[in-house]
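Here are my notes on the model, as numbered points.

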Amino acid sequence: MERPLEHLYQSLQKLVGLHRQLLDTVRMEHEALINASVKDIQEAVLAKQALIDAVAIAEHERQRHSAELAIIWKKPARDLTINAIIIAIQGRDPKAADQFRTAMNALTVLIKRVGGQNEGNQILVERSLEHLQEMKKNVLG
C-alpha cells in the first residue's frame, strides 16, 4: 500500500476505534439514565464529549490525508471519497481495497448504532422529563 494510502487507512482505523468507544459510552449513558445516577450520567456525558472532540480531530486528520492523496493523484479533493479510493486501487491492490471497504463498512455501522442509541437516550430523557412534569402538577395541584 502506498504511504499516503497507509496514512489514510490509519486515520480510518482511528475513527473506527473512536466510534467503538463512543458506542460503549452512549450505552453507559443509557444505563446511567435508567439508574438515574447523576454521577454516572455526568461521567458519561463528559466522556462522550471528549470522544466527540477526538472524532472531530481524527476526521480533520483523515481529510488532510485525503487532500494529500488528491494532490498526488491529481484529482479534486472533493471527488476523493473512500468509495472512489476503493475503486481506484481495486485493480492494483485488492487487499488494500478490501481493508478500506471493511473500515468504511465498520464505520458506517458504528455511526448508525451510535445515532440510534443517542436517539434512544434522548427519548428516555424526554419521557423522564414528561413524567417529572406530571408529578410536579400532581404535587402542586
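1. Burial terms come before the residues: buried means under 20% relative accessible area, exposed over 50%, and partly exposed in between (1.4 Å probe, protein chains only). E130 is exposed, at 54%. E130 sits in helix α4 (residues 94-140); helices here are DSSP runs of H or I, at least four residues, numbered from the N terminus.

2. Basis. This is a predicted model: local features need pLDDT of at least 70, side-chain atom pairs count only at pLDDT 80 or more, and totals for chains, interfaces and linings use all residues. Residues are numbered from 1 along each chain as its sequence is written, and side-chain values use heavy atoms, with hydrogens and water left out.

3. T25 belongs to helix α1 (residues 3-35). T25 is buried, at 7% relative accessible area. Its contacts (heavy atoms within 4.5 Å) are A44, A47, K48 and L51, not counting residues up to four places away in sequence.

4. The whole structure holds nine salt bridges. The criterion is a side-chain nitrogen of Lys or Arg within 4 Å of a carboxyl oxygen of Asp or Glu.

5. One of them joins K48 and E29 at 3.1 Å, N to O. K48 is in helix α2 (residues 38-73) and E29 in helix α1, 19 residues apart. K48 is buried at 14%. E29 is buried at 8%.

6. E59 and R62 also form a salt bridge, at 2.7 Å, N to O. Both lie in helix α2, three residues apart, so about one helical turn separates them. E59 is partly exposed at 25%, whereas R62 is buried at 16%.

Note on methods: Helix = DSSP H or I, 4+ residues; strand = E, 2+ residues; numbered from the N terminus.
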